[in-house]
Amino acid sequence: MISLVGDDPVLTEQIVDKALGKIIEGVFDGQNMVGSDGKTYPVPANYASKSKLVQGDILKLTIADDGSFLYKQIGPIPRKQVVGVLEQKDGHYFVTVDKKQYRVLLASVTYFKAKPGDQVSVNIPEDDSVNAEWAALEAAL
């Protein structure tokens with residue numbers, strides 16, 4: 001890029017911003033990203049499920065000029081895998097691990113074709129599993 005625009009930092013920054021769109025970093029809360037600007041951005045359930053995002057992971061959101069959102073996981077937090085039982089209550093899915101319930105995304109449950117009562121493995125934050133409300137479904141056992 002320097003060969004095209006020189007090393008003028010202002011011009012370089014403008015070209016990078018124009019090419020990439022608006023970039024926001026934030027923290028995954030289990031179903032959305034809370035941006036560094038304090039706003040909440042919806043993370044597609046299929047992406048969160050496929051990427052096995054864990055509550056606390058750091059994401060980068062690029063908002064393109066056409067308004068499309070592109071998420072990328074840039075800072076996975078340490079996680080641990082545990083086994084629990086899948087339950088459904090009031091239209092939401094939970095996994096119970098040692099009397100603690102973690103919510104899981106419907107997209108993950110349908111992908112693995114899991115049913116209430118099934119034993120499943122989930123990923124939870126390694127350091128903050130007590131306060132975590134969400135888990136990422138790893139597999140139906």
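## Basis of the description

Because the model is predicted, local features are held to a pLDDT of at least 70 and side-chain atom pairs count only at pLDDT 80 or more, whereas totals for chains, interfaces and linings use all residues. Residues are numbered from 1 along each chain as its sequence is written, and side-chain values rest on heavy atoms, with hydrogens and water left out.

## Secondary structure

The protein has four helices and ten strands, taken as DSSP runs numbered from the N terminus (helices H or I, at least four residues; strands E, at least two). Along the sequence these elements follow the pattern α-α-β-β-β-α-β-β-β-β-β-α-β-β.

## The five-stranded sheet

Five strands form an open sheet in the order S8-S7-S6-S9-S10, with antiparallel pairing, where two strands pair if DSSP finds at least two bridges between them. Its edges are strand S8 (100-104) and strand S10 (136-140), each of which pairs on one side only. From one strand to the next the twist averages 45°, an angle between N-to-C directions, on a scale from 0 to 180 degrees, of lines fitted to C-alpha atoms.

Strand S6 (residues 79-89) and strand S9 (residues 119-125) run antiparallel and are joined by seven bridges; Lys-80 stands opposite Ile-124 in S9.

## Burial, contacts and surface

Of the 141 residues in the protein, 34% are buried (under 20% relative accessible area, 1.4 Å probe, protein chains only). Among contacts (heavy atoms within 4.5 Å) with a separation of 6 or more, 52% link residues 24 or more positions apart. The protein exposes about 8500 Å², of which carbon and sulfur atoms supply 54%, with areas from the Shrake-Rupley method and a 1.4 Å probe.

Definitions and conventions:
Buried < 20%, exposed > 50% of the residue type's maximum accessible area, 1.4 Å probe, protein only.
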